[in-house]
Amino acid sequence: MSFWDFLIAHRQEVLSLTVEHMTLVGVSIFFAVLIGIPLGILITRVPRLSKAVLGSANVIQTIPSLALFGFLLFAPWIGARGARMAILALTLYALLPLIRNTYAGIRNVDPAVVEAGRAMGMTDRQLLWQVELPLASGVIMAGIRVATVVSIGLATIAAAIGAGGLGEFIFRGLSMVNTQLILAGAVPAAVLALLADVGLGALERRLGALKGRA
Amino acid sequence: MDAAAARQPAIEIDHASFRLNGRALVHDLALTVTQGETLVLLGRSGSGKTTTLKLINRLLEPSAGEVRVSGRRTAEWDPIRLRRGIGYVIQDGGLFPHFTVERNIALVPQIEKWPLERTRARVQELLGLVGLSADLASRYPQQLSGGQRQRVGVARALAADPPILLLDEAFGALDPITRAEIQKEFRALQQRLKKAVIFVTHDLREALLLGDRIALMEEGRLVVNLPVAEFATSGEPLVRAYVEAFSGGEAR
């Protein structure tokens, strides 16, 4: 049986695991955006926090993913549900690109433009919403894209703690020494990652064009 | 404006100093500008000209002495209210790259929540005032020439008709021909609008063309403050140095 035949024969399961995979990633990125962007903004306003916040996010990134998933098995209130654990881990991993890009995006806005706004009597809030965030949006979007693509790859490991997703096929294939099963998990995950990269990349260029309209 | 307000200087810098990390960027500066007057702050880079402007719109606060705008200490002003009454123009306009020309000019009216129709009409009026055609309104700053951007910068500063205008090397990035053009137009504009203007430059020719008075600064201190007619003939060594630097090569 060829790989394609295998996929077609198991299309129900492939589809449901793909949806599960996308849900894991989608929910994690949603939480990471909700936490990461405000944190990124905060450290542009309170610069003395920037080292601690960026440092912590960096440290989280250095924890091997399998180990992080493993640690969470022992966390008392989330340990019961694999999916919740996976979402927590993926959210933590996605924080760094979001915080860092929000911070860098805002810091890189032309200081003359910000100062002109301030000198014309814009409030801090108006500067943030009307000037800094729009001009940083391309860079922030790049952070979301990187975080999403990385999460799609990482989420395959979530199956190790019973969170489901395309990793199910990969781990099953590994234990059964079945290449087709491994590929049935790996190929759709790779396709998802590519699609996310291209789709979010297009959005990023549109936002980036905001400040470079020529 | 009643008689008392007319006598009241628009801007008074009353022996103000500004120190940063122990270094005096502005030292014991005393200057006044009345309504309708253009004061040029002349000096080389680092002489404290820009710092002086920032003391007026309270982007900085004096370490000693005080600065009064319309008779009130800047420290007593709500900084947002203060700044909305002071037009500010910087080199290359400092325009928002993601706003159209129209939205850039409408900045202060928009944050002051003017009705849309009034803002629209005001933008059209201002485009005419600074010599730009109305169809530029929907363009973005990158689609304009340097001279056009600078005109938009002036229009934005004038939008809510503030009594005071501060210009920081405003025309410094322009080619000589555009620059001469826009200087002349600005002078004509000022004769009509009668703002209290402080114009920062390091260019003596520009200072002589635009100023009613010229205040020469060096290392944060005021060297001289003279009416423009007396400036070129002053015996002050630093003034002589300036005049000579700018007359170099010309037959005199």
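In what order do the strands of the 6-strand open sheet of chain B stand? The first view answers this. The model is predicted: local features need pLDDT of at least 70, side-chain atom pairs count only at pLDDT 80 or more, and totals for chains, interfaces and linings use all residues. Residues are numbered from 1 along each chain as its sequence is written, while chains are lettered from A and ligands numbered from 1 in the order in which they are written.

**View 1. The 6-strand sheet of chain B is open and mixed.** Its order is 6-7-8-3-9-10. Strands (E, at least two residues) and helices (H or I, at least four) are DSSP runs, numbered from the N terminus. Two strands pair if DSSP finds at least two bridges between them. Strand 6 and strand 10 (221-227) of chain B are the edge strands, and each pairs on one side only. From one strand to the next, the twist averages 15°. Angles run from 0 to 180 degrees between N-to-C directions, with axes as lines fitted to C-alpha atoms, for helices over the stretch in contact. Strand 3 (residues 38-42) and strand 9 (residues 213-218) of chain B run parallel, joined by 4 bridges. Val40(B) has Ile214(B) in strand 9 as its bridge partner.

**View 2. A 4-strand sheet of chain B is open, with antiparallel pairing.** The strand order is 2-1-4-5. Strand 2 (23-33) and strand 5 (72-73) of chain B stand at the edges with a single partner strand each, so one side of each has no neighbour in the sheet. Helix 2 (residues 49-56) of chain B packs on this sheet and touches strand 1, strand 2 and strand 4. The direction of helix 2 makes about 65° with that of strand 2 of chain B.

**View 3. Strand 4 of chain B pairs with strand 1 and with strand 5.** Strand 1 (residues 11-20) and strand 4 (residues 64-69) of chain B are antiparallel over 5 bridges. Ile11(B) has Val69(B) as its bridge partner. Ile13(B) stands opposite Val67(B). Strand 4 and strand 5 of chain B are also antiparallel, over 2 bridges. There, Arg68(B) has Arg73(B) as its bridge partner.

**View 4. Helix 7 (residues 124-154) of chain A falls short of the span of a straight helix.** Helix 7 of chain A has 31 residues, but its end C-alpha atoms are only 38 Å apart. A straight helix would reach 45 Å, taking 1.5 Å times one less than its number of residues. A kink of about 55° is centred on Ser137(A). The bend at a residue is the angle between axes fitted to the seven residues ending there and the seven starting there. Chain A has 9 helices and 0 strands. Its C-alpha trace spans about 70 × 45 × 20 Å along its principal axes.

**View 5. Chain B meets chain A through 17 residues of its own and 18 of chain A.** Contact means C-beta atoms, placed from the backbone, within 7 Å. On the chain B side, helix 3 (79-84), strand 6 (86-90) and helix 5 (107-111) give two or more residues each. That side has 10 nonpolar, 5 polar and 2 charged residues. Nonpolar covers Ala, Val, Leu, Ile, Met, Phe, Trp, Tyr, Cys and Pro; charged covers Asp, Glu, Lys and Arg; the others, Gly among them, are polar. The predictor gives the complex an ipTM of 0.86 and a pTM of 0.86.

Definitions and conventions:
Two residues are in contact if their C-beta atoms, placed from the backbone, lie within 7 Å.
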